[in-house]
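User: I would like to learn how to read a protein model. Can you take me through a few features?

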Amino acid sequence: MSNQLLVGGIALDLSPDTVILPSFQANDLTKPDTIQSDFSPEFSLPGTQKNHQLLGRAAYGGTLAGIPYRKLMATLLSDGVEIMPLALLIVKGYAGGKYQVQLFAGNRRFIEQLGDKTLQELDFSRFNHLWTLDNVASRLPLAYWQEHGWGYEVLDRGRPLDLTALNPFICLPSVSAQLIWDQMLAEAEFTATDLSQEPLFSRLNVPSPQVAGYPADFIAARQLVAGHPQQPIVPRRQAATRDPLEFQVPFTFHPAGTDPFHTPTIPGMLIERTFSEHGETYPFTIYVPDTACLLTIEARVNVDFEVRLGKVRARLSLYKNGLLWVEGTAQEVGTGSNHLVSASVTATREPVAAGDEIYCVLRLESVSLVSARWGFYTGLFSGQQYGPFDMPSPLDQWKIEVVSEVPPGGQINLAAWLPDMKQLDFFKTIVQLLGLTVQTDAYDSHLHLGLSGTVLDNAPKALDWTGKRDAPFLPAGEARDVVFRFGSYGRKNWLRWTTDSVDSYDVTEASSRVGKVIPKGYADGYLAVADENLPAEASLGTLPFAATGNSQALPGGLKIPNWKRNESGGTITYDQQDVVPRLTLRTGAPLQVVLRYLLGTRTVSTVLSYFADATAQVELDLQRCILPRYWRGLAAMLLEARYHKERYRLTQQDIAALDYTMPIWDGVLGDYFAISQVAEFSADRPTEVALCRLHPSLLAPPVSATQPAIGLEFFEGEFNVTATTPPEFY
């Protein structure tokens, strides 16, 4: 066999004795932590000038140093036929004048595109909106969820529910699995087999597992830290009898002590105005939020009073839209006392609306019964420090920060309400729930997806590999290499939901049931293998989502306890708590609710979601629905398991046409098999192929044809399979 390895369409130099033997394999449902890919063993490439150039000089140091584990797109050919058209060539090292490299193809390309990105990094900015009564009401009906892939829904989140006067802001967003799936594929620049007609997938829903807040980058873009320049803006005023003075504080973008100045990066959030005092005009700054939010504000101004008679005070306050909003505490001084005061004001979690104008006002006035004589020594609004060298006064400053909590009227960024989960983990969850075979197209960025049972349904048009068997010809029915189990299976092979301790209880501990709605192990399931030689139990995997129980407060609905009732101190409060992400199914029971907020009401018809319902077409109970419906292929492999390693003389065309949803027939063994792995393929010698026998009782009936037909390896009269008899040729 002659290999060629191309990078950018140019052949790399290979050593005369180099033979590249790639292996091809299907993804394994029982290994949820990995998605299997095609690969080659490590091999060497000579350090020729041509190879140095094509491999980006990965062996060089200094300014020519390459990237460790450099990844390049490559094409592997065997006798001129592309068997890995779109492969990743990974450069692992360089020693003895040779590069150590390895090829990966198939599903690895898609996995590389996902990387470590999370669901919250998906770009759903097109769905950004304000959290208002009208927006919740319009997005609550099922029709909106079906059309747009997301919406709001009514769930028991742990707080009181009154469906005749429902607070719209306890309704949180939910996103369809289809929308998340499509966005993941689009951002990875892949396409995939359409799953929208599969009932489970079309109803699968991801409710927000947390009350999301504004993300860190959102907060940082709206932060303000301002101070004053070194020289005073308002000059010294000598002591005199005078009326009260008011100044709109002219904070500017100077450092405030150890805090460097920081201005919002959102255009229009800072505007400058002017005010006049004592015949002089001064600028001052106004902060204008661009969206509804809660603000924490700290402001401080130093005043170095000169008091000749009486008592005076300084008060710093916050104004909003020209009106007093938050009043600071007055700082007073009298004759002969320390004249330096720091007037300050603090606001914590104060709600503001988009467009509100916020600024600081400093008021200086006499509080004496007699006419006070006062002024200020060094001027106002400077970046100077006062007091002893070792204990200087704090600098003037104005700090504003957005609180992460989103208030009514705030901006909803849909991605922030998704689970904090890697996109790859979500992909694996869908693969496991639907029992999918994943095969990346050899020539295109496309995922071919097949349900687990497809390999059974395709038995009538199985590929006949009997003639490809390697000599010597064994007696009919005699296997070359067979074991009667494969993998780490037991008599009960469990697929489980993650246990969420906030709402699941241990059935053996009565005290653990307080306030919880589901027993541990609820809706888990197992595949049974009738083999007493196997261990009692084994694990197929644990899904990164928790099961969801029914609500007692919302008949027909589900409970996701984001809030926990707290009755300590004789007062009832509701504390937020973290929950494990959930999956639900939409199109449950119909529901009509009246949303009410302030003086507004909206009547809305929607539906409840469900999780487990034995009367429904599909459900998320693993034992009743997922395993028997979507894991039929693996069940057929585990029943009286036979795992073969046979040798076949395969061609490059066989490899190019490899389809793991298409079984093969081996007439010597007299069985149908699913291909698990093609190991170290070479067209010059027999190739070992790992095969899982498909139990004949679970195969689809043959397709009747009076003569050989396109796509069929057999035609009527060639074989007979029933639920109780093995394949029979006659």
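**Reading the features**

Analyst: Gladly. Keep in mind that this is a predicted model. Start with a strand: L309 lies in β19, which spans residues 293-309.

User: Is L309 buried, exposed or partly exposed?

Analyst: Buried means under 20% relative accessible area, and exposed means over 50%. L309 has a relative accessible area of 41%, so L309 is partly exposed.

User: Which residues form a nonpolar patch on the surface?

Analyst: L309 does, along with L369 and V370. Together they have about 360 Å² of accessible area.

User: Now a helix. Which residues are buried in α10?

Analyst: Helix α10 covers residues 622-630. Its buried residues are L622, C625, I626, L627 and Y630. They span an arc of only 160° around the axis, so they sit on the same side of α10.

User: What does the side chain of D621 reach at the start of α10?

Analyst: A side-chain oxygen of D621 comes to within 3.0 Å of the backbone nitrogen of Q623.

User: What about backbone angles? Where is A523, and what is its phi?

Analyst: A523 is in the loop between β34 (518-519) and β35 (525-528). Its phi is positive, about 70°, although A523 is not a glycine. A523 has 7% relative accessibility, so it counts as buried.

User: And what is the phi of E680?

Analyst: It is positive too, at about 50°, and E680 is not a glycine. E680 sits in the loop between β46 (671-679) and β47 (687-693). At 34% relative accessibility, E680 counts as partly exposed.

Methods
Residues are numbered from 1 along each chain as its sequence is written. This is a predicted model: local features need pLDDT of at least 70, side-chain atom pairs count only at pLDDT 80 or more; totals for chains, interfaces and linings use all residues. Side-chain values use heavy atoms; hydrogens and water are left out. Buried means under 20% relative accessible area, exposed over 50%, partly exposed in between (1.4 Å probe, protein chains only). Helices (H or I, at least four residues) and strands (E, at least two) are DSSP runs, numbered from the N terminus. The arc is that of the directions from the helix axis to the C-beta atoms. A polar contact is a pair of N or O atoms within 3.5 Å; within protein, one must be able to donate a hydrogen and the other to accept it, and residues adjacent in sequence count only if both atoms are side-chain atoms. Patches are made of residues with over 30% relative accessible area and no salt bridge: like charges are joined within 9 Å, nonpolar side chains (Val, Leu, Ile, Met, Phe, Trp, Tyr) within 5 Å. Accessible areas come from the Shrake-Rupley method with a 1.4 Å probe; for residues, only the protein chains shown count as cover. A salt bridge is a side-chain nitrogen of Lys or Arg within 4 Å of a carboxyl oxygen of Asp or Glu.
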